[in-house]
Amino acid sequence: MSHQDGHDVIVVGAGASGLAAATALHAAGRDTVCLEARDRVGGRLLSVPTAHPDRALDLGATWFWDGEDRVRSLAARGGIETFAQHLAGDTLLQETTGTRRLTGNLIDGPSHRFAAGSQSIATALAAALPAESLRLDTPVTAVHPDGRDGLTVRTPAGTLRAEHVILALPPALALERIDFGDALPADLVRLARSTPVWMGAVAKVVAHYPAAFWREDGLAGAAVSRTGPLQEIHDMSGPGGRPAALFGFAHARTVRPGFDQAVIAQLARIFGPAAAAPEALHLQNWSTERWTSPSTVQHLADHSLFGHPLYRRPALNGRLHWASTETATAHAGHIEGALAAGERAARAVREASGTPDDRGIALPTP
């Protein structure tokens, strides 16, 4: 093995949690490499550009809330524009007998969004890393103790070695995709295989329109349906209503041939004829994302396993650490939870090396 294959830390996954861990460790002077299976950063932060400059639509995580200070601070330091979720207007309820209008927005609360899409958070974090520290298109296939004081990490491109490894991907996915041999404790294996993947069994649909016509009718763009396929719908328009969009969630198991047409027909029944002609319809079925969801994703339902104490206990002689939003003790499932989990894993690595500090996510001010 060449000298270049050895590192202090290898982070598996370049979503929010992995990039948070990698930037914190890099800023602390640790030789850190972040391996990402996809050809992009962000994981479940996925945004599609629009014709509006610096405006995007989110196909993954969308919101952050008051009190989620890591996200707010990171956006501010990265020069990322945020804005308040549109709330004004009435809610629509779709039932088998028709659609009813209910006074006020009954499903959305005060929250915030990213004008350029949530993936801009991941892009900003990645930009804080040296180019050689981030390797895309590099899935990890195995992690094993090396018989010395570290771990070997296998990828299709070759084998690396590190003192510590941080798994910044859903635990159930890690257990399905990565060969750990018989090295992991049985209770940890059972836990990881049983932990749900946030958004993993969900399909998200975004309908992009020429204008936010529903606002002109005094509607919030908020709707709940008892018939489907979308179960809940929200306004995803950008600042000032541009770009104009609605988005909704559906169970991934309902996605089958004709799903797109069924969604458009549903939107037209709820919001009227103008909703039948979106400029674009984006569908993101997270259950079929091979680098997000294991094959068992639709059978994982015990969300009480999020933030389980075992995820805060490093495995493999204290050298294997967990970091994904599912492992967060607070804000699990949110971007904030992902950032917190990445910070926690980075802190555990520093403490194990005898160099604890309070350094968090490191991002240069633009």
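Modeller: Let's begin with a word we will need: a residue is called buried when its relative accessible area is under 20%. Keep in mind that this is a predicted model.

Colleague: Thanks! How many residues of β11 are buried?

Modeller: Four of the five residues of β11 are buried, so this strand is largely enclosed by the rest of the structure.

Colleague: Which way do β10 and β11 run, and how many bridges join them?

Modeller: β10 and β11 run antiparallel, and four bridges join them.

Colleague: Is Asp 146 buried or exposed?

Modeller: Asp 146 has a relative accessible area of 18%; the cut-off for buried is under 20%, so Asp 146 counts as buried. Its side chain makes a polar contact with the side chain of Arg 161, at 2.3 Å. Setting aside neighbours within four places in sequence, Asp 146 is in contact with Leu 151, Thr 152 and Arg 161.

Colleague: How should I picture side chains along a strand?

Modeller: In a regular strand the side chains alternate between the two faces of the sheet. Now look at another sheet.

Colleague: What is the order of the seven strands in the open sheet?

Modeller: The order is β7-β6-β14-β15-β16-β13-β17, with mixed pairing. At the edges are β7 (98-102) and β17 (280-285), each pairing on one side only. From one strand to the next, the twist averages 20 degrees. β6 (residues 90-95) pairs with β7 in the antiparallel sense over five bridges, and Leu 93 stands opposite Arg 100 in β7.

Colleague: Could we finish with a helix?

Modeller: Of course! An α-helix has 3.6 residues a turn, so residues three or four places apart point the same way. Take α8 (residues 335-352): its 18 residues reach 26 Å from first C-alpha to last, close to the 26 Å expected at 1.5 Å a residue.

Colleague: How many residues of α8 are buried?

Modeller: Of its 18 residues, 14 are buried, and α8 is mostly covered. After α8 comes Gly 354, with a positive phi near 80 degrees.

How values were computed. Residues are numbered from 1 along each chain as its sequence is written. This is a predicted model: local features need pLDDT of at least 70, side-chain atom pairs count only at pLDDT 80 or more; totals for chains, interfaces and linings use all residues. Side-chain values use heavy atoms; hydrogens and water are left out. Buried means under 20% relative accessible area, exposed over 50%, partly exposed in between (1.4 Å probe, protein chains only). A polar contact is a pair of N or O atoms within 3.5 Å; within protein, one must be able to donate a hydrogen and the other to accept it, and residues adjacent in sequence count only if both atoms are side-chain atoms. Contact means heavy atoms within 4.5 Å. Two strands pair if DSSP finds at least two bridges between them. Helices (H or I, at least four residues) and strands (E, at least two) are DSSP runs, numbered from the N terminus. Axes are lines fitted to C-alpha atoms, for helices over the stretch in contact, and angles run from 0 to 180 degrees between N-to-C directions. The expected span of a helix is 1.5 Å times one less than its number of residues.
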